[in-house]
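The following note sets out some points on the structure shown here. Please read each point with the model in view.

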Amino acid sequence: MTTHAIHVQGLEKSYKELRVLRGVDFGVAPGSVFALLGSNGAGKTTVVRILSTLLKPDGGTASVNGFDVAARPAEVRESISLTGQFAAVDGTLTGRENLVLVARLRRVAGPGQVADDLLARFQLTDAARRRVSTYSGGMRRRLDIAMSLIGNPPVVFLDEPTTGLDPQARVEVWNSIKELAGRGTTVLLTTQYLDEAEQLADRIAILHRGRIIADGTLDELKRLLPPAEVEYVEKQPSLEDVFLAIIGDDTGADAPAAAQTAEEKR
Ligand SMILES: Nc1ncnc2c1ncn2[C@@H]1O[C@H](COP(=O)(O)OP(=O)(O)OP(=O)(O)O)[C@@H](O)[C@H]1O
Ligand SMILES: [Mg+2]
């Protein structure tokens with residue numbers, strides 16, 4: 001579908017016997033933030049690797065910025081940036097040097113100015129001339145995201161942007177992502193943190209056992225909880241309540257019972 005910045009249909013991927021993706025479908029509207037939520041090993045990074053042309057799917061189709069990942073991989077790569085699960089900055093260089101280096105590699109005009117603008121945008125101007133090895137985890141992550149924006153890609157993939165960060169650093173990275181989304185960039189982020197999806201995403205999809213088992217806005221996902229369970233809760237159900245209710249059959253019990261158990265534990 002051309003109206004989607006990212007469109008995924010029937011995506012399948014196995015690693016030998018392990019069927020990781022079993023028919024994944026979703027669409028991401030241009031300029032929106034989409035969170036792919038799932039537990040460890042759910043297949044989030046696998047989806048991102050397929051969308052960024054690093055990995056070929058076994059079945060199904062995917063397109064990014066209107067380009068099919070299988071047929072037009074070069075155009076897809078020109079349309080995206082990928083910030084991986086582990087920061088890719090060079091600790092021996094300063095923050096500014098890292099940015100200038102990438103700007104030169106991508107043949108962007110005015111690399112020094114591009115670097116300074118990004119440093120300002122990500123509140124790194126004061127630390128610009130310090131070696132990255134002296135940066136905190138949050139600063140490194142912000143620099144990593146800033147680096148991925150050089151050349152203004154219309155679609156940005158952020159794979160677990162805040163994993164391993166302390167709460168304050170997470171908020172700093174969240175603000176950077178919000179700023180990014182505010183400029184019309186399409187963002188697909190993966191996370192295992194429900195509050196992160198709740199904070200950032202226009203739409204949230206839950207990847208579980210190889211499929212998208214829920215997909216909607218936060219309000220839509222909250223409405224998935226049956227009314228009977230809402231009675232247990234004084235406040236609005238959190239995304240965590242929804243998540244546990246939906247994947248609750250993992251405990252071996254049926255879903256409503258598992259959801260109830262989660263409530264009773266409170
Ligand atoms: N190259 C590979 N070879 C074999 N198995 C793999 C390979 N890459 C991933 N897997 C397996 O596929 C499953 C999905 O992995 P993936 O990295 O996509 O999960 P994830 O949702 O990103 O998890 P996490 O939250 O831990 O990052 C896991 O069980 C993983 O062990
Ligand atoms: Mg991962």
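1. Leu-99, apart from its neighbours within four places in sequence, is in contact (C-beta atoms, placed from the backbone, within 7 Å) with Ala-115, Leu-118, Leu-119, Ala-146, Met-147 and Ile-150. The model is predicted: local features need pLDDT of at least 70 and side-chain atom pairs pLDDT 80 or more, while totals for chains, interfaces and linings use all residues. Residues are numbered from 1 along each chain as its sequence is written, and chains are lettered from A and ligands numbered from 1 in the order written.

2. Leu-99 is also among the four residues, with Ala-35, Leu-51 and Leu-143, that touch the most other members of the largest nonpolar core, which has 71 residues. Such a core is a set of buried Ala, Val, Leu, Ile, Met, Phe, Trp, Tyr and Cys residues joined through C-beta atoms within 7 Å; buried requires 20 or more other C-beta atoms within 10 Å of a residue's own.

3. An open, mixed sheet has 6 strands (DSSP E runs of at least two residues) in the order β6-β7-β8-β3-β9-β10. Because β6 (80-83) and β10 (211-216) each have a single partner strand, one side of each lacks a neighbour in the sheet.

4. Strand β6 runs parallel to β7 (residues 155-159), and 4 bridges join them; pairing requires at least two DSSP bridges. Leu-82 stands opposite Phe-157 in β7.

Methods. A residue is buried if 20 or more other C-beta atoms lie within 10 Å of its own, exposed if 12 or fewer, and partly exposed in between; C-beta atoms are placed from the backbone. Two residues are in contact if their C-beta atoms, placed from the backbone, lie within 7 Å.
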